Each structure stands twice: as C-alpha cells, then as structure tokens.
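Look at the sequence and the structure first.

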Amino acid sequence: MQQIIDEISKCLKAIRPRISEKDYVKLSAIKVPRVHQFIAESAELCNPERIFISDDSPEDIAYIRRMAIETGEEKPLAMPGHTVHFDGPYDQGRDREATKYLVPKGDYLSKALNQIDRDEGLAEVKGLLKDSMKGRTMIVRFVCLGPPNSVFTILGVQCTDSWYVAHSEYLLFRPGYKTFTKADPDTHFLRVLHSSGRLNENMVSVDHDKKRVYIDYSEDIIYSVNTQYAGNSVGFKKLAFRLAIRKANQEGWLAEHMMIMGVHGPGGRKTYFAGAFPSACGKTATAMLPGETILGDDIAYIRNVGSVARAANAECGIFGILQGINSHDDPVLYKVLTSPCEVIFSNVLVKDGKPYWLGMGCELPKDGINYTGYWWEGKRDENGEPIPPAHKNARYTVSLKVLENCDPELDNPIGVELGGIMYGGRDSKAYVPVQQSFNWEHGIICYGAALETETTFAIVGKEGIPEINMMSIQDFISIPMGQNIRNNLNFGKKLKKPPLIFGVNYFLRDLKTGEYLNSPRDKHVWVKWMELRVHNDVGARVAPTGLIPKYEDLRLLFKKVLNREYSKADYTKQFTIRVPENLAKIERVERFYREKVADAPEELFIILNQQRERLVEAREKSGMDYIPPELFEEE
Ligand code: SPV
Ligand code: MN
C-alpha cells in the first residue's frame, strides 16, 4: 500500500505546477497509480501549459462546452444547444493508412491488417506528440464503456487537447470519474492520448500528412495526433473498440460493430436485435425505425449470461451520418436534429446559423461556410473537382437520452436478451434483401464472415470498391481474423438457444438496369419479419442461401407497416436466387480467406462449400440460373 501511495505522490508532484488546487484534489481521490502515471507521462511528453481534470460534474461539463466555443473549435448555431465543428479537408473520415497496430517483435497479426513494428511506431508517434500541447490545456476525462458496475463495464482515461473531443465524449460515453474514485489500485482501464497537433486560425489540424493513429495493444494505449475527425480522435469510439475486440476474444465474449434495437411484435411484446453493418450501410437507420426503440447504434458488447446471449451498448450517444436524414426517410432523427437540444454538427454547410446537409429534403443554400471555409456553388478543389456544399460524411453527435425512442433498458447492468442478430452490407448483386441462416454456424460464416460491401465515404479514399468486411469489423479487428471467427462460432455453441442469425441487404440492384430493388423504408418490413421468425409466427421457404420469406407474409407486413401494396412481381425480383452471382461471391470469399487469413478455420471452408453445393444442386434441379422464390419448398 505504501508503495502505491508513494507512486501516486510522485506523479502528483510532477504535474502539480500545471494543475489547480481543485483539480489536484479531484485527482488525489483516485487510488489507481497507473492513472496518475499516465497523466504525468502524457504531460511530460506533450508539455501542456495546464491540465484540467474533469470529474463529470455539471460545472465541469458546462466548462468543457464553453471552452469548445471560446477556443473556436465549435461555433454556436441559431438553435439553442446546437453547435458546429469543422475538420480539415483531408480529415473527413477514418484514415486506414494512418491507423496502425504497434506489433511487438515475435507477435503476429493477419496480413490484411495495417501494422508497424512497436518500437518503431512508438518512436514515431511520440516524436509527433512531443510538445504538441504547448500553450494549451490537456483535458483529462474518465469514461465508463458499457453500463456502470456491470459485467460489461470497461473503464477508460483520455488525455486530449481538444475541447471538441472532450465535449463529444461527454455526449457519447457514460461518466467514469466516480467509478475511478472507488476502483482498486490494480483496476484495468484503457488509455488514450490525443493531440490535434498544429492548428490554423480556424482551429483545424493542419499537418494531415503527419496524421497518426497508433494502437499499442500490448499496453492498451491509443495514440492519436494531427487529426480531429471523431473516428480518429475520440479514442473510446472505434479505437477502444479495437482493444475491446482483443479483450473479448481472450475472455470468450463478443465486442461487435452492431446497433441494438427493440422491435415491437404482436401482443405488445418486444424482441431485441443486434445488427452489424459496415459504416454508412444503414445501421443507425435500422435502429431508428419509427415505432421501435434504439438501445445503441454502433458498438455492442455481447456476453453469455446464464447461457443466454445478452447485449449492452458500449456507448450512450450517437455519432451518426447526416446524409439522407429527412422528414420522410428518417422522421425521428430529423425531428431531433431540428429541435432545441444538445447537438454537435460536423462538416455541414452553415448559412445564417443553420446547418444543412446532403439529402435533407430541402434545397441547400448557394453559399455558406463548410469544411473548406467560405463555400459557393461551383467552388472547386485543387484538382478541379467540385466541392459539395456539405461533406457526405457530415455527422451529428447527440446523447441517446434526448431521443423519445431511446430504449429504457439502456443502462440495464445485465443488458438485454438478444432474439436475433443481423449482418448486412452493400451487396448490389448476390444476397436477397432478408434471409435467415440455417443455424448459428451457417449465419456466422455465410452472413458474418462472408460479409461483402462496397467502400463508402466514411473512410478516406475511393468509394464503391467491393471488399470483404468480416462481420463489419474489418477496420477494427485487432487479432488474427481466424481467431475471431472461432470465437464467434464457440460463443454460439455455449448458448442454450442462440439468437437467430439473419442476412440483410438493403442495396440489391436490378442486374440489367442497375436500379435499387428496394426503397429505404422497406427495411422496416424485413425487421418485422425477423421478429415474427424469432417467435415462430411465420413460415419460410428453404433456399440454398438461407430461409427466405413467403410472399403472403410480406404482403401483409407491407400493408401493415408501410400501408403499401406489395406486388408478386416485386417479391419475385427481390427474392430470386441468383446462382451465378452467389457462386462468384463464394469464390471471392474463399480466395480472401485462403490468401489473406492464415489461421482461417477449416469449418469456414466446409460451410462455404456446403452453400456452393446447395446452389449447384438447385440450379440442376430447376434448370435455371435465376431461380424464383416460389420454386423453393416451405420449411
Ligand atoms: C463508423 O464509421 O463506423 C462510425 C463513425 O461509426 S467512426 O467513429 O468514424 O468510426
Ligand atoms: Mn461505426
């Protein structure tokens, strides 16, 4: 004990000249020496003028909000509670190239993952962080991932010089200071050190070529520098998620890129679903379907509690995409984003104190302020490309609690029981809009591991490139990929009754015309169908790729949910099994795992091959490459 006290005193002494008496007291109340060490080491490296310790009190939160505005990192908008933040033109999404794992000598990560030798990476990123906070304040925030005091809880500490980051974290994560004051000296927690780096007069990071986001998984520390985009700077979002995936794999639970929602079924029942979708593929829009409840939109922790799969949200807010949110397609969110409440908008177009984004359902102004400064219609970038009024990846940050459809179980310490899990990507050619797997293993492999998608604007780089995005965590996986698949397979085997697994695809197109075969609202019908399946209330047809809905059931649901007639012709188009496209998909998936994933489990190849055999057999039996759904028997 004396040793612990001595260590804490030593660190407190080192940072004493930079903190106020009040903050000194706040920090002294914590008895976890690694917290003090982390703060002292970060201060020593980044050399801030001052250190501010936030204890999550209303005064501290108000101070963070005020400083975000005083420094100019955020600007107030006309609507009370609304502010706007801009990231630089080269900092508009997660940056795959700049994001790397620090791999100690002798350790192995799949080739598909971006990595650098640990010693080399540490030297590089620490070099960039050196003196980065000179003349600024280093803000220290404590957070709690998952509901507090629960089996799901993971603690974290972030040191950052960005008031915008600190403000976002307050909206996105549960407060952690109190938990830290009660924590044992050897409590495990995650650490994040972030600096925006050199800023221009608009408080935007300028050294984008020196942007680095390095994940030191052997120490559970994340380093992020010369970036402000929240996906790179708000460490407890996608960066801590990577560390959580490692922890989950070691401990036999699942950390997933999934929304969690409560779907309302007949007789007032509610069934919980978790859904994995790559960024910008409909995850939040699904969780926000009108009449249902949202428990999470991005990161789910799933644990085996009494042989039942139970899920909790790691976060308590949303950092969501604005594009396409309008009063018709997303009425609930649209209302929140146009009403007085605390919202941080980023990378929108601002005109007369009002934020505008693409697809918001009204005409956008012809000029205003956007992520490139003053913008006017026709403005071009240095390559001569037209600059859009708002960035496609413009976002909003809100607390879930302000939503009228926020699920009341958000903070339940044992999470919610999952009835189903969905996997969905941007697959224009092969998979039908919704199908149920034959069993847990089939779902994990054919819908999860085989998830294919086209790249989107949520990451810096080219859009529309098809790629495998395993379980939608390709960008976040931090362990050998085969190990992750094995962990998923094993997780289901230990459950009394595993959640049903569904594959969804909101992006299926007509092979000839290229037109989308569904409208955005159709997903509500698929979700209601899945809910009925969990309770065995509807039947299905047995197709080679999974169990697919029957026309009569969908017709009734379209009428009931969307008040729309659903034609047999639409059903046939959407649920025809496209044998050539499905066989080609299996080829791509197999090749990916053979070439890129040295530790892929044999079970993956067996299950993919079974799917191939079912497709070939169905083609032979029907004599058709494109088999209409009615030809498949009812289960
Ligand atoms: C995503 O891109 O999946 C997001 C936003 O949820 S980010 O924080 O950038 O990861
Ligand atoms: Mn996400």
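Helix H4 (residues 58–70) packs against helix H6 (residues 163–172) at an angle of about 140 degrees, with axes 8 Å apart. Axes are lines fitted to C-alpha atoms, for helices over the stretch in contact, and angles run from 0 to 180 degrees between N-to-C directions. Helices (H or I, at least four residues) and strands (E, at least two) are DSSP runs, numbered from the N terminus.

This is a predicted model, in which local features need pLDDT of at least 70, side-chain atom pairs count only at pLDDT 80 or more, and totals for chains, interfaces and linings use all residues. Residues are numbered from 1 along each chain as its sequence is written, chains are lettered from A and ligands numbered from 1 in the order in which they are written, and side-chain values use heavy atoms, with hydrogens and water left out.

**H4 and H6**

- H4 and H6 are therefore oblique to each other. Angles under 35 degrees count as roughly parallel, over 145 as roughly antiparallel, 65 to 115 as roughly perpendicular and the rest as oblique.
- H4 contributes Ile61, Tyr63, Ile64, Arg65, Met67 and Ala68 to the contact, and H6 contributes Trp163, Tyr164, Ala166, His167 and Tyr170. Contact means heavy atoms within 4.5 Å.
- The contact of H4 with H6 has nine nonpolar, one polar and one charged residues. Ala, Val, Leu, Ile, Met, Phe, Trp, Tyr, Cys and Pro count as nonpolar, Asp, Glu, Lys and Arg as charged, and the others, Gly among them, as polar.

**H1 and H3**

- Helix H1 (residues 2–15) and helix H3 (residues 33–46) have axes 9 Å apart, at an angle of about 25 degrees. H1 and H3 are therefore roughly parallel to each other.
- From H1, the residues Ile4, Glu7, Ile8, Cys11, Leu12 and Ile15 meet Pro33, His36, Gln37, Ile39, Ala40 and Ala43 of H3.
- By class, the contact of H1 with H3 has nine nonpolar, two polar and one charged residues.

- Lys238 lies in helix H9 (residues 238–251) and Asp298 in the loop between strand S15 (293–296) and strand S16 (300–305), so the pair ties together parts 60 residues apart in sequence.
- H9 also crosses helix H13 (residues 481–493) at roughly 55 degrees, and their axes come within 10 Å.
- Ile245, Ala248 and Asn249 of H9 make the contact with Gln483, Asn484 and Asn487 of H13. This contact has two nonpolar, four polar and no charged residues.

**Sheet**

- Five strands form an open sheet in the order S2-S3-S19-S24-S18, with mixed pairing. Two strands pair if DSSP finds at least two bridges between them.
- Strand S2 (75–76) and strand S18 (317–321) are at the edges, each with a single partner strand, so one side of each has no neighbour in the sheet.
- S18 pairs with strand S24 (residues 395–399) in the antiparallel sense over five bridges. Arg395 in S24 is the bridge partner of Ile321.
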